[in-house]
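Here is a short briefing on ring pairing and strand pairing. Look over the sequence and the model before reading on.

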Amino acid sequence: MIKKIVRIVQYIFLAGMVLLPVTYVAAMESSTITANAGPDKYVVSGESVMLEGSGFDISGGPVSFFWSCDGGVLSNASVVRPSYIAPSTNQNSYVIHTCTLTVKNNLGLTKSDSVTVYVNYHSENTNLCIL
């Protein structure tokens, strides 16, 4: 479990006057954030498929999304469900790419998850027919 060290400063007040600043360090766990890159995808070379990411901060705070892939092109790397455009390859060859979704909250804590994209593969989950 990843932890981020946070410096917290609080002030003790008495009758409206600041008496003493108190500083302490707390470890915040990134387990308050979830990231799910979604199911593996199968796509034909040069075609597109929607990545089905999701993520949130269980505390209810805002989060941002960032995708990175080791091949292919994304329609928008900063949305939760971008389109992935598979690279052009020989129709008789296949390629495997990994796309990683990173979810970040307003405290800077992050969580990541990856999805595998199979280009020109047969799958029981799709009607692709590779000649």
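Buried means under 20% relative accessible area, exposed means over 50%, and partly exposed lies in between (1.4 Å probe, protein chains only). At 18% relative accessibility, Y118 counts as buried. Y42 is partly exposed, at 26%.

This is a predicted model: local features need pLDDT of at least 70, side-chain atom pairs count only at pLDDT 80 or more, and totals for chains, interfaces and linings use all residues. Residues are numbered from 1 along each chain as its sequence is written, and side-chain values use heavy atoms, with hydrogens and water left out.

**Aromatic pair**

- Rings of Phe, Tyr and Trp (its six-membered ring) pair if their centres lie within 6.5 Å; planes under 30 degrees apart count as stacked, over 60 as edge-to-face and the rest as tilted.
- The count by this rule is 1 aromatic pair.
- The ring centres of Y42 and Y118 lie 4.9 Å apart with planes at 15 degrees, so the pair is stacked.
- The pair links distant parts of the chain, 76 residues apart: Y42 sits in strand β4 (residues 41-43) and Y118 in strand β11 (residues 110-119).

**Strand pairing**

- Strands (E, at least two residues) are DSSP runs, numbered from the N terminus.
- Two strands pair if DSSP finds at least two bridges between them.
- Strands β7 (residues 63-69) and β10 (residues 95-105) run antiparallel, joined by 7 bridges.
- V63 has N105 in β10 as its bridge partner.
- Strands β10 and β11 also run antiparallel, with 10 bridges.
- L101 stands opposite D113 in β11.

**Hairpin**

- The hairpin of β10 and β11 has 4 residues between the strands, and G108 takes a positive phi near 90 degrees there.
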